[in-house]
Number of protein chains: 2
Amino acid sequence: MKIYFVTSNRHKVEEAKKILGTEIEQVKLDIKEIQSLDVKEVVKDKAKEAYAKLKKPVIVEDTGLYIKGWNGFPGALISWVVKSMGIKKLCKTIGRKRSAMAKACVAYYDGKNLKIFCGQIKGRISKKPRGKKRFDWDRIFIPEGDTRTFAEMSLEEKNRISHRVKAFRKFKRFLVR
Amino acid sequence: MKIYFVTSNRHKVEEAKKILGTEIEQVKLDIKEIQSLDVKEVVKDKAKEAYAKLKKPVIVEDTGLYIKGWNGFPGALISWVVKSMGIKKLCKTIGRKRSAMAKACVAYYDGKNLKIFCGQIKGRISKKPRGKKRFDWDRIFIPEGDTRTFAEMSLEEKNRISHRVKAFRKFKRFLVR
């Protein structure tokens, strides 16, 4: 079965192909995301919108960063913080409580079944950005049990533990049932 | 002409009635707002969605708080900051650059004409919340030229200068053309 991944990010498509071992085609569609801190809600709505436009089995993916000292803010809205405030200022702005949770959700919709698969990983926010520029906030998230940010790890190393890979693995288990 | 104001907030409806002097009916509709810092974009999309459900001339309104030291964040997403982080922590989190801009936009759509009217007011964020609990962030916004927060003013006083009243006055000028 061919699945259409609605995203503008081809790296995510490559990652999904490797994990899922099924035929994935990238589709770029301009779909507006709804306002919510909850990644699950955002992908649920997005998958429905994507299917309405495409009429083919689709997946969408979104990630969120939940900062404990901010009661979970900004969650799914993290990309707006990155775009406006920037990660450097974000690191400075967060107080002493630097615990955070990274979460990714993949939503699959084929017009009948709507399924959502989420993966998450605990960690903390670094004092300042460190490592290679890759995904939005890879340079400031230190996964639990490590001292390095995601961006200081090799991509292989990151992908062994990342929230997104966890979400895609769950989706794979659904596909091969 | 009767206009339908899609909002869950009846205070906003009363305010609009006073300014517009036209027949306004409150309608509660569950419309998801799109993710954007830009209030104008949010109301534009919302007015279209509201009209699609109601098929009658509608107005929607949204406000945003643009914090200068955060490069305009959170804008239209301020309600999520208020709900999660809270205004007390927001006051603490903002650094020395406390300038801000409050903006309100009213979007009118009758199926043919889509018109957007915005009002804005400069100011700064207080060191801590002050005044009576009213709208979300009234207790932390000090309009330029004053030392009091919006919440420390009487409603009449606030409504002489507020961003929302400015937006509604512009809409009135359009109505009475």
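Predicted model: local features only at pLDDT ≥ 70, side-chain atom pairs only at ≥ 80, totals over all residues.
Strand E1 (residues 3–6) of chain B pairs with E3(B) in the parallel sense over two bridges, and here Phe5(B) stands opposite Ile59(B). The pairing of E3(B) with strand E5 (residues 99–109) of chain B is antiparallel and comprises 10 bridges, Ala102(B) being the bridge partner of Leu65(B). Strand E4 (residues 74–75) of chain B also runs antiparallel to E3(B), joined by two bridges, and in this pairing Leu65(B) stands opposite Gly75(B). Six residues separate E3(B) and E4(B) in a hairpin, in whose turn Asn71(B) has a positive phi of about 55°.

Elsewhere in chain B, the axes of helix H1 (residues 10–20) and helix H6 (residues 163–175) come within 9 Å and cross at roughly 45°; the two helices are therefore oblique to each other. Residues making this contact include Ala16(B) and Ile19(B) of H1(B) and Phe168(B) and Phe171(B) of H6(B), and by class the contact holds seven nonpolar, no polar and four charged residues.

Between the chains, the contact takes 17 residues from chain A and 17 residues from chain B. On the side of chain A, helix H3 (78–84) and helix H4 (87–93) each give two or more residues, with the largest share, three residues, coming from H3(A).

Key:
Residues numbered from 1 in each chain as written. Chains lettered and ligands numbered in written order. Axes fitted to C-alpha atoms, helices over the stretch in contact; angles between N-to-C directions. Helix = DSSP H or I, 4+ residues; strand = E, 2+ residues; numbered from the N terminus. Parallel < 35°, antiparallel > 145°, perpendicular 65-115°, else oblique. Contact = placed C-beta atoms within 7 Å. Nonpolar A, V, L, I, M, F, W, Y, C, P; charged D, E, K, R; others polar. Pairing = 2+ DSSP bridges.
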